[in-house]
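Please look at the structure below before reading on.

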There are 2 protein chains.
Amino acid sequence: MSNAFNRPDQLSAKLRERILRESAELGYHGPNFAARSLRKGESGVVAVVLADSISYSLCDPVASQFLQGVAELLGENQKQLLLLSSAQDELQQSSAESLPDGFIFYGAPSGDIFERVKRSGKPIIAVDFETEDSESVNINNEQGAYMVASHALAKKPLNIAVLGLRLVESQRICRLTAQDMQVESKEISRSRLKGYMRACDELNLSLIPSQIWHIPVNTPDMAEIAAREALTLNPLPDLILCMSDVIALAALRVANDLDISIPEQIHVTGFDDIPEAQRSTPSLTTVCQQSSEKGRVATRLLLDKEHKDSVVLDTRLVIRASCD
Amino acid sequence: MSNAFNRPDQLSAKLRERILRESAELGYHGPNFAARSLRKGESGVVAVVLADSISYSLCDPVASQFLQGVAELLGENQKQLLLLSSAQDELQQSSAESLPDGFIFYGAPSGDIFERVKRSGKPIIAVDFETEDSESVNINNEQGAYMVASHALAKKPLNIAVLGLRLVESQRICRLTAQDMQVESKEISRSRLKGYMRACDELNLSLIPSQIWHIPVNTPDMAEIAAREALTLNPLPDLILCMSDVIALAALRVANDLDISIPEQIHVTGFDDIPEAQRSTPSLTTVCQQSSEKGRVATRLLLDKEHKDSVVLDTRLVIRASCD
DNA sequence: TTGAAAGCGATACCAT
DNA sequence: ATGGTATCGCTTTCAA
């Protein structure tokens, strides 16, 4: 009789239907998930552990696209998606950590959830950060930033500003100081900054700390404030390198608001290639980092027990109107 | 010793630390979720069952905002978020259905997952659709559409077009026929259409079926195609009522592309009030449906065992540049 | 206070 | 083929 649930193919559809109906009347509602996964030692659930809060990640276009890619492949493989966050790493959560069969860590996690999960021995894929003993999926941030900056510098800008993301610890928007430039770090933003700097070096240009903004969170509101600061400088910059498309789009809006024409007066570049970037006016020159593909690759890596190599996805320069 | 995991307050922090470390060395990684939920009969997991595929929902700004609201409240209440979809309602899934303690159905589900879950007796909140024996959270679509249409009609348009969402069954973009107008339905889009029509009636205007577009999916691509059709009509419409902001934003882009000035030549209205609506140029006159609040309300309803009433959230007219 | 034992529900295995 | 039984790991209860 349990065949009716577990091996639908072994019974006639009609019989199966009758059994299901009758057992439902007896108060049986299908196999119990907890019991099954306890017994089988697996759950069919995959967790994505987000570095930021779940709410935040859901409104960030880059994270959304990543999740979209993950969800797509999980669906195809009959796996369930559990969203966790290392930011709100609480008591109850630490229990749920034992449910998933595998983990995708999106962004360097805070707290000790990563350590705990690693100890459990379950498969882990690290995305957008480096780690020792797990496979990871990364993109070449430095290279992407280098490409877009090189492209932009070919326009011979005289006054460059950078709208950067999470470059220092502060929760406030601020510009960098000379000593902020010394910091060595493998963080995404730092890699992008390095890429910008390498492109500048090649042309014997250099970035001035006071022309580099730190934006603590990748939101349109924050970005607009910083962009307004940069676009009301005197003299006006003629190139703004933005470390995300959200920031670059904010810069486009502010420029429009201030009647600064793009790309005539100022060139603007972004990073990420979010869907909005190709729809904006002007459309955005940026670096495509294939977020949803990244999600698919990470999921494939997690589910395929064969493949055992970390992946570095290519970044591609996407030239559009904002810097052409 | 199990106290170390379950009642951290009863032991000194130091002892707890030592116990955890030692047991970890023995190969113990914290309480087993499956065993715990099997025994306790609850999991601490809440499922959101999306009417569309998970991937699609993640890129739809309205669904994203809703999920954001849900995630926010679940986080505060130490609940885990499991994303399901009634669209890809498969075998494996039907097992996972028994895991969550409660369900939020976002949009009228397809398949029989709703029936199955209902039979399980677990709490259910229905969002954006009507159902008999569960609490629900809805908005007044008819009223919202009526308000925005009334506002727009006050501009005395002569030639009205409607860019509608999911008005008929077709997977293709098409315009309605006279008999399509007869359909009675409680679906969201039909309610919105009714609202538009009531506003028209009051002014002795009427909508012409051939000026009403059906768009099968709420994506920028689809919307742009339909918008281009509407904006290349001769004579050009001077009011475009759009059933979503995604559609309205597409209309703004197409208009810009065709050098049609808004709001001078054409007025455009949206629906939803997604974040992008206030950032667009021109900004969008629309109906705010408080998506993230909807998510919070639904979650509160699910978690608070007290409150036992369905909720209809207000819609608010938001007047911005595209129709002012 | 501490420990032992029953049982949650499904499955895998062994015996019929 | 079919039925019975031990077991997964935890919590709850009851006894010492």
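In this predicted model, chain A is superposed on chain B by a rotation of 180° with 0.0 Å of shift along its axis, and the RMSD is 0.0 Å. The two copies are thus related as by a two-fold rotation axis. Of the interface residues of chain A, 100% are also interface residues in chain B, so the copies meet through the same surface.

Within chain A there are twelve helices and 13 strands. Chain A has 324 residues, and 55% of them are buried. Among the contacts in chain A with a separation of 6 or more, 71% are between residues 24 or more positions apart.

One pair of helices in chain A may be examined in detail. The axes of α5(A) and α12(A) come within 7 Å and cross at roughly 40°. An angle between 35 and 65 degrees counts as oblique, and α5(A) and α12(A) are therefore oblique to each other. The crossing in which α5(A) passes α12(A) is right-handed. The residues that make this contact are listed by helix in the table.

| Helix | Residue range | Residues in the contact |
|---|---|---|
| α5(A) | residues 61-76 | A:V62, A:Q65, A:F66, A:G69, A:V70, A:E72, A:L73 and A:L74 |
| α12(A) | residues 291-303 | A:S291, A:S292, A:K294, A:G295, A:R296, A:A298, A:T299, A:R300 and A:L303 |

By residue class, the contact of α5(A) with α12(A) comprises seven nonpolar, six polar and four charged residues.

Note on methods. Residues are numbered from 1 along each chain as its sequence is written. Chains are lettered from A and ligands numbered from 1 in the order in which they are written. This is a predicted model: local features need pLDDT of at least 70, side-chain atom pairs count only at pLDDT 80 or more; totals for chains, interfaces and linings use all residues. Side-chain values use heavy atoms; hydrogens and water are left out. Copies are superposed by least squares on the C-alpha atoms of residues with pLDDT of at least 70 in both. Contact means heavy atoms within 4.5 Å. Axes are lines fitted to C-alpha atoms, for helices over the stretch in contact, and angles run from 0 to 180 degrees between N-to-C directions. Helices (H or I, at least four residues) and strands (E, at least two) are DSSP runs, numbered from the N terminus. Angles under 35 degrees count as roughly parallel, over 145 as roughly antiparallel, 65 to 115 as roughly perpendicular and the rest as oblique. A crossing is left-handed if the near helix is turned anticlockwise from the far one by less than a right angle, and right-handed if clockwise. Ala, Val, Leu, Ile, Met, Phe, Trp, Tyr, Cys and Pro count as nonpolar, Asp, Glu, Lys and Arg as charged, and the others, Gly among them, as polar. Buried means under 20% relative accessible area, exposed over 50%, partly exposed in between (1.4 Å probe, protein chains only).
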